[in-house]
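User: Could you walk me through reading a few features of this model? I would like the general idea, then the case here.

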Amino acid sequence: MAVTMKHMSLIVSLFGVLSFVLGVIAENKKPASGTPINGKGVIICKYPSDPTVALGYLSAAFLLACTVAGYKSLFISYKGKSVPNSVLFKSTSFSVFFNIALITSGLALSLLLWPTITEQLHLTRNVHRNLETSCPTAKTGLLGGGAFVSLDSCLFWLVALMLADNAREDHFDEVENRNIDGNSSSRDVNLKIDA
């Protein structure tokens, strides 16, 4: 069974929505702070068990899958017909949405990975020599913001896919009209010669 644009749009949507949902859940499950425990000249931070780090990495992985699927969906051939990339980039609106999709994907990835890595570092490096530490966690709101930008990125990939479909149809119509015009002019010449 050949892959169609509908299949690719469903794949991009699925990965984008999964990234969004996992990012929002990771934001909601993140603890506000840890509990400081006094040791001999150190503070040991005890954090409650939570799935923030795993969900953050999963959200970033699904965002990467959405981005790869969105990118590939624009340039693969459908129904055995392919078009040159230059045809797609002739469309100004396609070029704009393609670049916006790339930029929002990168921004979403950084907004998802930054607090996830920070949270992981807080969990693994939990012994502090500073006796005034308050056992911080990653910045609040970044994972949720990254999740929403991830959803935006998914939507921009879908808009770019629709614009790529329009550019493909225009290109195939143009090629077909050229072939019809080329054949009719040669028939006219033959008719004039025969008559």
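Analyst: The expected span is 1.5 Å times one less than the number of residues; for the 25 residues of α1 that gives 36 Å, and the end C-alpha atoms are 36 Å apart, so the two agree. This is a predicted model, where local features need pLDDT of at least 70, side-chain atom pairs count only at pLDDT 80 or more, and totals for chains, interfaces and linings use all residues. Residues are numbered from 1 along each chain as its sequence is written, and side-chain values use heavy atoms, leaving out hydrogens and water.

User: Which residues in α1 are buried?

Analyst: An α-helix has 3.6 residues a turn, so residues three or four places apart point the same way. Buried means under 20% relative accessible area, exposed over 50%, and partly exposed in between (1.4 Å probe, protein chains only). In α1 the buried residues are M5, M8, V12, G16, S19, F20, L22, G23, A26 and E27.

User: How should I read a positive phi?

Analyst: Most residues other than glycine have a negative phi. Here K79 has phi near 55 degrees, in the loop between α2 (52–75) and α3 (85–90). C135 also has a positive phi, about 55 degrees, and lies in the loop between β3 (127–128) and α5.

User: Is each one buried or exposed?

Analyst: K79 counts as exposed because its relative accessibility is 78%, whereas C135, at 0%, counts as buried.

Definitions and conventions:
Helix = DSSP H or I, 4+ residues; strand = E, 2+ residues; numbered from the N terminus.
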